[in-house]
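These are notes for a colleague who is opening this structure for the first time.

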Amino acid sequence: MKEFFKDTWNKIVDWFLRRKNLNTILYILSAFLIKELTAISAGSDIKNFAESLKENYPNSTSFEVFADFIIVFFSSGSKPVLIITLATIILILFVRFFDNSNLKPIFKALGFIGLSIVVLLSVNNLDFNITENDTLEYEKILKKTQKSIANKTTPILETDSYIEHIKKSNVDFTSFLKEFNDSLTLNPKYKGIAYVTASAGFGKSYFTKKWLSEELTGKNIGKIKVRKDFVCKEQESKCYADSLGYIISKKPDLIAVSKNGNEKLLGYLYTYKFNLDSIIQFYKYDKQIDVIMVDDLDEVSESTTNRYLKEFEDIIEKEKYSDINLIVFLSRPEALVNYLSNTYRKCPKVDMIYGLEQKVLQKPIFATSNQIRDRVNNWADWYQEEKLGRLIDHTERNQIFEQILSLYKSYDFIKLQLQIQSNSDFLFRGILKNRIDENTNENEIKTILFNTMVGRNSDSHLRPMLDSNEGAIYMTFLEEIVLNKIDIDEIEEKNGWFKVDNNETVSINLGGIVYTTTVKSLLNRSGLITIDPIDDKYSKYRFEPFWIHEYILIKAKKTNTNNEYK
């Protein structure tokens, strides 16, 4: 048996080393190499062409089979496969041309090593970013997921107003407030804490104050906006509010760094030093205030947020102000994740004895034309009073409603846009100002809405505007995250949600210099994502509204095609 295997092995080796057979193998590998390089350089374009063939000839089996063959054959190029192929070709070339030569062994070895280094370095410098994710398949998954999210089947809520629609979409929070109110009736000294989170632009402050006023009967409600109430003029980097014990500093929060130490400052947040007792007394919340809402916690630095949370919790735990029964913290979820998942927050008296609620507000689903009309009227009432300075009459309201209804029936992304208060505000405003009409196409509408949402976040969270140099860099980082830092399979399996490791980084090339920052710092406080759950350091992320994910992917593909930053 041993002789048989030895003889077989010798025959195989002898066959491979024959010149004719080596040439045949070399031709096959060379063809495969060309295929891999084509897939890397033009795979997406070829697959787009194949897809268009299938669309143009939907009833032709031959075209469908041919198109599917092209799509499979020109699947995304792989660096490991390319390196293995090249290494095999180099080895065959060495055997074919050098083995029988009269060169000294040292020169043969140097030639082999030198050729290998040149080829492999060339491969390593190829740009694989555009093919790390199959962008065509990626888009299909995002469209399918968007359709699933936008058309989620839920019981139709019969409501009389937009406010009522929000409340019925979050019955568990209403139940918490009712139970808390009942507990106060039995025990006037009953205490509680609520952590209320929702996506950017949800209207957390507006709706929560409505809830509290309606459900906590006869209670006086105070409110502290930790950024807007204390931040000085935007052009100043530092200011003082001595009477409150405040020192406010504007510090870099989002920084991209290169290996040689160059920095790009892309975002800022405010950091405070303060005396909480002075603030409570300044607002006159030390007497006859039953409930305090603490807002804007996501608009200041993490250290400031954590201190506010801890010191206000102490008010409940240590009963420092006997009149205060309930403290409600309001924030985007990303600002509370680290705090709520940290064990040092856990104080037994708060968690076990008193009322405690962690609530992620759920977006309302608009299922009827009456609900959409209620939303339009609610917005018009607010906008004419707060922003416009004139009445929005019935004709204008009906025009906005009819156009929204038409868009709602045509596009899934409109259904998602309506679910967040300020996002729908931007849509209504665009129609009122004639920036969006029946002739505005889908991508133009998305561009108007996306730019407006980023602009909102520039005002509230000091992130860059897209028309600035920093904004272009910021957008490039977001494109790189979407293109190469998100697992497509996870998106498909988890209905758009994806995980981000705490220390995961993302890099881009700017003028020959590679800048790096962390994925979480880019996404957090961007105003473009939501997180679930809010008390776990390994929380999942999803773009909000979800159509933003595909919009950034398409921009990333165009950027790569035009070589704008590579």
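1. A strand here is a DSSP run of E with at least two residues, and strands are numbered from the N terminus. With that numbering, strand 12 gives the largest share of the lining of the second largest pocket, namely three residues. The model is a predicted one.

2. The second largest pocket holds about 560 Å³ of space. It is lined by 25 residues, and those closest to its centre are K152, Q362, K363, I365 and R542. Two elements give two or more residues to this lining: helix 7 (135-150) and strand 12 (529-532). By class, the lining of the second largest pocket has 12 nonpolar, eight polar and five charged residues.

3. The largest pocket holds about 1100 Å³. Of its 32 lining residues, G201, K228, W382, S422 and R456 are the closest to the centre. At least two lining residues come from each of helix 10 (204-215), strand 2 (221-225), helix 15, helix 18 and helix 19. The lining of the largest pocket divides into 17 charged, 10 polar and five nonpolar residues.

4. Helix 15 (residues 369-388) and helix 18 (residues 421-432) have axes 11 Å apart and an angle of about 75 degrees. Angles of 65 to 115 degrees count as roughly perpendicular, and helix 15 and helix 18 are therefore roughly perpendicular to each other. Helix 15 brings R375, V376, W379, W382, Y383 and L388 to the contact, and helix 18 brings Q421, S424, D425, F428, R429 and L432. These residues divide into seven nonpolar, two polar and three charged.

5. How do helix 18 and helix 19 lie to each other? Their angle is about 130 degrees, with the axes 10 Å apart, and the two helices are therefore oblique to each other. Helix 18 passes helix 19 in a right-handed crossing. On the helix 18 side the contact has S422, N423, F426 and L427, which meet I445, L449, T452, M453 and R456 in helix 19. Five residues of this contact are nonpolar, three are polar and one is charged.

6. The structure holds one cavity of 30 Å³ or more, and the volume of the largest cavity is about 30 Å³. V454, N457, S458, R463, P464, Y474, S526 and L528 line the largest cavity. Helix 19 (residues 442-461) gives the most to this lining, with three residues. Four of the lining residues are nonpolar, three polar and one charged.

Notes
Residues numbered from 1 in each chain as written. Predicted model: local features only at pLDDT ≥ 70, side-chain atom pairs only at ≥ 80, totals over all residues. Heavy atoms only, no water. 1 Å grid on protein atoms, 1.4 Å probe; cavity = no way out; pocket = protein on both sides within 12 Å on 5 of 7 lines; lining within 4 Å. Points joined across faces, edges and corners; volume = space filled by probe spheres on them. Helix = DSSP H or I, 4+ residues; strand = E, 2+ residues; numbered from the N terminus. Nonpolar A, V, L, I, M, F, W, Y, C, P; charged D, E, K, R; others polar. Axes fitted to C-alpha atoms, helices over the stretch in contact; angles between N-to-C directions. Parallel < 35°, antiparallel > 145°, perpendicular 65-115°, else oblique. Contact = heavy atoms within 4.5 Å. Left-handed = near helix turned anticlockwise from the far one by under 90°.
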